[in-house]
Amino acid sequence: MMKRPCGTFDQTYAQDMSYIRTPFRMGLLAVLFLLLFIGFPLYADDYLLGIMNVIGITVVAMLGLNILTGYCGLISIGHVAFVGVGAYTSAILSNHLGWPFWATLPSAAVVTGLMGLLVGLPALRIKGFYIAISTLAFHYIIIWVILHGGNLTKGVWGLPCDSVELFGVSLDTERRMYYLIMVVAVTGTILAFNLVRTKYGRAFVAIRDNDIAAEFMGLNIFRYKVLAFVICSVYAGVAGCLYAHYLGMLTVEQFPLIDSIWYMGFLIVGGVGSITGAVFGAFVYRLIDQVVIFLGPFIGQVFPALSGSSVAGFTQMLFGMVIILFLVLEPRGVNHRWQIVLSSFRLWPFPY
Amino acid sequence: MFSQLIVSGFLTGSVYALMALGIVVIYKASSVFNFAHGSIVAFTAYLIWSFVVQLHLNPLLAGILCLLVIGIISFLVQRLILYPLTGQPVLAALMATLALGEVVSGFVTLMWPGPARTYPDFLPSGLIRLGPATITLGEIVNFVVCTLAFGAFVLFFQKSRLGLTMRGTAEDHQLARSEGVRVNRIFILAWFIAILMAGIGGFLMAFMHGVNQEPLISLGMKSLAVVILGGMESISGAVIGGLAIGVLEALGAGYLDPIFGGGVEEVFPFVILLVVLMIRPYGLFGYERIERV
């Protein structure tokens with residue numbers, strides 16, 4: 001929990017329950033929102049907005065993964081497949097049936113949630129890294145099904161998906177899409193913040209820390225584990241729906257296994273088991289991606305191979321090394337460092 | 001067709017068994033599940049190809065150089081990555097091996113980009129009739145080498161002092177430590193043996209189908225299914241699981257491909273894996289763990 005200076009106490013229950021406890025934090029949050037919704041889009045060009053759009057979608061996907069892995073302790077290395085299910089669901093509905101966005105978003109969430117229910121079923125018997133392997137197996141199976149979906153998913157040819165139309169406005173530019181994605185990402189973050197404080201969030205943490213002890217305390221652990229999978233997949237489905245409408249064209253190659261590994265890895269880099277950690281992870285992931293794109297030409301010169309594949313190889317090595325370094329040197333992630341910085345500001349001039 | 005599928009599945013399965021053996025050795029010794037196996041298989045296959053075909057080294061010298069490289073890698077992996085993660089939750093070691101796999105496969109993409117490499121044919125391409133089934137000479141060599149490697153493996157663990165020490169360490173780290181065993185060195189040795197197995201398997205597959213990264217990595221991923229089916233701790237389980245997965249995959253591909261339009265062998269081992277996890281999560285020969293709080 002948040003460290004506060006000596007002598008600052010909560011005096012009502014409402015204060016005790018509130019998430020934003022000090023006026024300073026309220027001000028910080030207000031500045032953040034102003035920057036996010038007014039300041040940034042006012043000055044950023046389409047390129048920067050594009051980066052932020054991808055970050056926003058990644059944040060939504062990572063929040064789901066964080067609830068599953070960070071809070072419930074179930075490891076998933078098939079998360080991208082869920083994003084794919086959400087993306088394909090909304091693309092199929094909008095492409096074949098002509099459904100509008102306000103209908104495809106909840107249906108993508110529901111379909112992916114049901115998929116999560118199915119993937120969560122093995123949790124009845126297994127735990128730990130066996131769960132990880134079962135999600136890996138589901139990843140291969142889901143991708144295979146999408147690839148062989150015939151006319152429905154258009155397999156290797158790719159499935160087009162219309163841009164979003166809300167209240168008569170077509171969100172076909174980066175700038176218009178930016179507002180939609182940010183609203184969804186912020187809503188998702190607030191929901192996640194609150195979810196982990198409820199009965200369910202506490203149950204997840206109990207199961208993560210020791211599932212046998214949690215069962216002994218009277219929790220129906222199977223129910224909660226499956227619930228964690230469902231929540232995780234709903235987030236992934238929403239992210240997938242946004243991704244489909246954002247990209248406008250879906251192929252299976254956009255959902256490779258390696259992205260699941262990066263999601264999981266950068267969740268650790270950000271700080272697994274905290275909501276801000278997931279947000280940090282998404283930012284670090286996509287910003288390193290941008291650095292590599294920026295450095296791409298130089299890498300192509302150093303390794304005179306086919307430049308495209310050498311950049312891909314370099315990215316893979318760099319990402320893998322970042323994850324390993326964080327695991328070994330700072331397993332609590334960027335978020336932990338950020339909290340140290342924050343609390344030292346708050347408590348200044350005292351050391352603690 | 002049935003007997004043809006059985007025989008060819010059996011022969012592929014022997015390579016799966018060799019792959020799975022590598023994963024089992026590491027898991028038994030240090031309870032780390034090695035997700036990087038596929039990438040390491042690809043790396044060693046490319047390495048051997050470079051030494052033998054690109055640099056025209058004497059096979060003996062190439063072999064010694066390969067052993068040296070494998071030794072260095074296993075030392076670095078254990079010392080720099082896994083040793084600091086001792087005592088961390090499952091997620092840490094799991095992600096470390098996954099990230100290691102990506103580093104290795106990124107390295108392979110950087111060093112050996114482009115299309116698949118092939119070995120020059122130095123075996124006569126004869127077909128052998130075995131009852132109603134036909135097999136190539138290469139497949140026979142493949143099977144024989146796998147069997148020899150497996151035999152050497154079993155002999156090492158049954159007879160040699162070092163092998164016995166390794167088995168003892170796998171049983172109980174603390175007891176082994178109190179007997180004066182350097183447990184960390186045993187882990188390095190386990191990685192060495194595992195990468196050696198990966199190298200042999202990778203060489204055999206590369207020799208048959210050309211050196212190519214994607215299929216070799218998916219080979220490593222499929223050997224996950226083998227390990228789960230056979231049981232995480234069981235060496236005989238790895239062999240039986242490997243042969244079973246090979247045969248089942250060949251049968252599945254043979255009979256289901258016309259229905260689903262191809263590519264069944266890519267996904268069939270994972271379906272088996274899920275079924276095993278649902279019915280018998282500890283595998284055919286694994287230990288059923290009883291947990292205490």
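Read along its sequence, chain B follows the pattern α-α-α-α-β-β-α-α-α-α-α-α-α, which amounts to 11 helices and two strands, where helices (H or I, at least four residues) and strands (E, at least two) are DSSP runs numbered from the N terminus. The model is a predicted one, in which local features need pLDDT of at least 70 and side-chain atom pairs count only at pLDDT 80 or more, whereas totals for chains, interfaces and linings use all residues. Residues are numbered from 1 along each chain as its sequence is written, and chains are lettered from A and ligands numbered from 1 in the order in which they are written.

The C-alpha trace of chain B spans about 55 × 50 × 35 Å along its principal axes. A compact globule of 293 residues would have a radius of gyration near 19 Å, and the 19 Å of chain B agrees with this; the radius is taken over C-alpha atoms, and the globule rule is 2.2 Å times the number of residues to the power 0.38. Of these 293 residues, 49% count as buried, a residue being buried if 20 or more other C-beta atoms, placed from the backbone, lie within 10 Å of its own.

In chain A, the secondary structure comes to 14 helices and four strands, and the C-alpha trace spans about 65 × 50 × 50 Å along its principal axes. Buried residues make up 44% of the 352 residues in chain A. Helix 5 (residues 101-120) and helix 10 (residues 221-247) of chain A pack at an angle of about 145 degrees with their axes 7 Å apart, where axes are lines fitted to C-alpha atoms over the stretch in contact, and angles run from 0 to 180 degrees between N-to-C directions.

The contact between the chains takes 43 residues from chain A and 39 residues from chain B, two residues being in contact if their C-beta atoms, placed from the backbone, lie within 7 Å. On the side of chain A that touches chain B, the largest share, 14 residues, comes from helix 13 of chain A. The residues of this side divide into 31 nonpolar, 11 polar and one charged; Ala, Val, Leu, Ile, Met, Phe, Trp, Tyr, Cys and Pro count as nonpolar, Asp, Glu, Lys and Arg as charged, and the others, Gly among them, as polar. Not counting residues up to four places away in sequence, Leu273(B) touches Ile133(A), Ala137(A), Leu224(B), Ala225(B) and Ile228(B).

Key: Buried ≥ 20, exposed ≤ 12 C-beta atoms within 10 Å, placed from the backbone.
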